[in-house]
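Keep the structure open beside you as you read. We will go through it one piece at a time.

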Amino acid sequence: MSNFSVGFRSGSSVEVLDLNGELDAHTASELEAAIQKCRDEQKHRIVINGANLQYISSAGLGVFMAYIEELRDSGGDIKIAALQPKVFNVFDLLGFPMLFDIVDTEKEAIEKFGVTQADD
Amino acid sequence: MGRSTYSLTVPSSTRYLEAVRSFVEKHTVEAGFSNRSVEQFKVAVDEACTNVIKHAYRGDEACKLDVSIIIFSDRCTVCIRDEGQSFQPREYHEPDIFELAKKRQAGGFGVHIMRRLMDHVEYTSEGDINEVRLTKYLDSHNQNGVG
């Protein structure tokens with residue numbers, strides 16, 4: 001049984017992915033499938049809402065690493081919001097804040113794409 | 001010096017990682033570690049087990065891995081034991097996330113995370129048995145993240 005799920009919320013120009021549960025080497029494929037779905041639907045601007053993400057290991061971080069260049073090459077990005085401190089700290093250990101925009105709120109993450117939530 | 005040992009054996013499959021983390025959480029909490037240290041143990045042990053499952057056993061779910069937690073008065077050591085392909089730590093290089101992103105590479109940070117979170121990380125191989133030992137002290141001054 002998987003203790004991880006991804007919810008999708010579509011705005012006009014930004015796709016928000018709500019991550020729930022624990023992201024490890026077993027569940028990372030579900031995040032990968034979610035990001036691939038966005039890519040296949042030409043939704044290259046992705047906000048990750050991590051408010052309900054309870055745990056992450058390097059297998060989860062690796063999914064972001066594997067897709068970030070491709071999404072940026074397509075004019076998009078992955079911006080990460082609302083991480084719990086214990087989860088943010090794993091991102092921080094590997095220096096992810098140098099490679100990704102990691103912000104406190106989903107609203108800030110959407111605004112980083114140059115749109116306001118009212119627009120979206 | 002008194003000590004307690006707890007052991008768990010699971011099949012070599014990522015589906016058991018959650019059970020391993022629960023096992024580590026239960027015993028490190030009981031040993032008196034802070035929430036921060038408990039989270040650090042969970043991540044480090046997860047990384048060690050994931051490496052065994054993916055690299056030592058190469059996804060063969062018929063294999064088993066043993067996780068033992070040894071609680072001392074001043075520290076805890078978690079031993080992860082396997083009989084697969086041994087890991088050569090001297091061949092390991094620190095990851096460069098910018099380089100890995102360019103290569104669209106999804107892995108290669110597990111050992112780095114273990115070393116950052118634990119006070120000691122030791123690898124041994126004797127005969128067919130490989131072991132990684134992850135040690136953290138109760139009064140650890142390791143201020144690296146997580147938790």
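**A walk through chains A and B**

Start in chain A, at A:A82, which sits in the loop between β4 (77-81) and α3 (85-93). Keep in mind that this is a predicted model. Look at the backbone of A:A82. Its phi is near 65°, a positive value in a residue other than glycine. Most residues other than glycine have a negative phi.

Now turn to the sheet of chain A. Five strands form an open sheet in the order β1-β2-β3-β4-β5, with mixed pairing. Which strands stand at the edges? They are β1 (4-10) and β5 (101-103) of chain A. Each has a single partner strand, so one side of each is left without a neighbour in the sheet. Neighbouring strands of this sheet are turned by 25° against each other on average, direction ignored.

Strand β3 of chain A, residues 45-56, runs parallel to β4(A), and five bridges join the two.

Move on to chain B. Begin with B:S12, in the loop between β1 (4-11) and α1 of chain B. Is B:S12 buried or exposed? Buried means under 20% relative accessible area. B:S12 has 1% relative accessibility, so it counts as buried. Leaving aside neighbours within four places in sequence, B:S12 is in contact with several residues, including B:I53, B:Y57, B:D60 and B:L65.

Next come two helices. Two packed helices are described by the angle between their axes and the distance between the axes. Helix α1 of chain B, residues 17-30, packs against α2(B) at an angle of about 145°. Their axes are 9 Å apart. The crossing of α1(B) past α2(B) is right-handed. Which residues meet here? From α1(B) come, among them, B:L17, B:V20, B:V24 and B:T28. On the α2(B) side, the residues include B:V38, B:F41, B:V45 and B:C49. An α-helix has 3.6 residues a turn, so residues three or four places apart point the same way.

Stay with α2(B). At 1.5 Å a residue, its 22 residues should span 32 Å. The end C-alpha atoms of α2(B) are 30 Å apart, which agrees. Of its 22 residues, 17 are buried, so α2(B) is largely enclosed by the rest of the structure.

What follows α2(B)? Here you find B:R58, whose phi is positive, near 50°. B:R58 belongs to the loop between α2 (35-56) and β2 (64-71) of chain B. Exposed means over 50% relative accessible area. B:R58 has 62% relative accessibility, so it counts as exposed.

Go on to strand β2 of chain B and find B:S68 there. With a relative accessible area of 8%, B:S68 is buried. The side chain of B:S68 makes a polar contact with the side chain of B:S7, at 3.3 Å. Not counting residues up to four places away in sequence, B:S68 also touches others, among them B:Y6, B:T77, B:V78 and B:R81.

Finish at a hairpin in chain B. Strands β4 (residues 120-126) and β5 (residues 129-137) of chain B pair in the antiparallel sense over seven bridges. Across this pair, B:Y123 stands opposite B:V132 in β5(B). The hairpin of β4(B) and β5(B) has two residues between the strands. In this hairpin, B:G127 takes a positive phi near 60°.

Terms used: Residues are numbered from 1 along each chain as its sequence is written. Chains are lettered from A and ligands numbered from 1 in the order in which they are written. This is a predicted model: local features need pLDDT of at least 70, side-chain atom pairs count only at pLDDT 80 or more; totals for chains, interfaces and linings use all residues. Side-chain values use heavy atoms; hydrogens and water are left out. Helices (H or I, at least four residues) and strands (E, at least two) are DSSP runs, numbered from the N terminus. Buried means under 20% relative accessible area, exposed over 50%, partly exposed in between (1.4 Å probe, protein chains only). The expected span of a helix is 1.5 Å times one less than its number of residues. Two strands pair if DSSP finds at least two bridges between them. A polar contact is a pair of N or O atoms within 3.5 Å; within protein, one must be able to donate a hydrogen and the other to accept it, and residues adjacent in sequence count only if both atoms are side-chain atoms. Contact means heavy atoms within 4.5 Å. Axes are lines fitted to C-alpha atoms, for helices over the stretch in contact, and angles run from 0 to 180 degrees between N-to-C directions. A crossing is left-handed if the near helix is turned anticlockwise from the far one by less than a right angle, and right-handed if clockwise.
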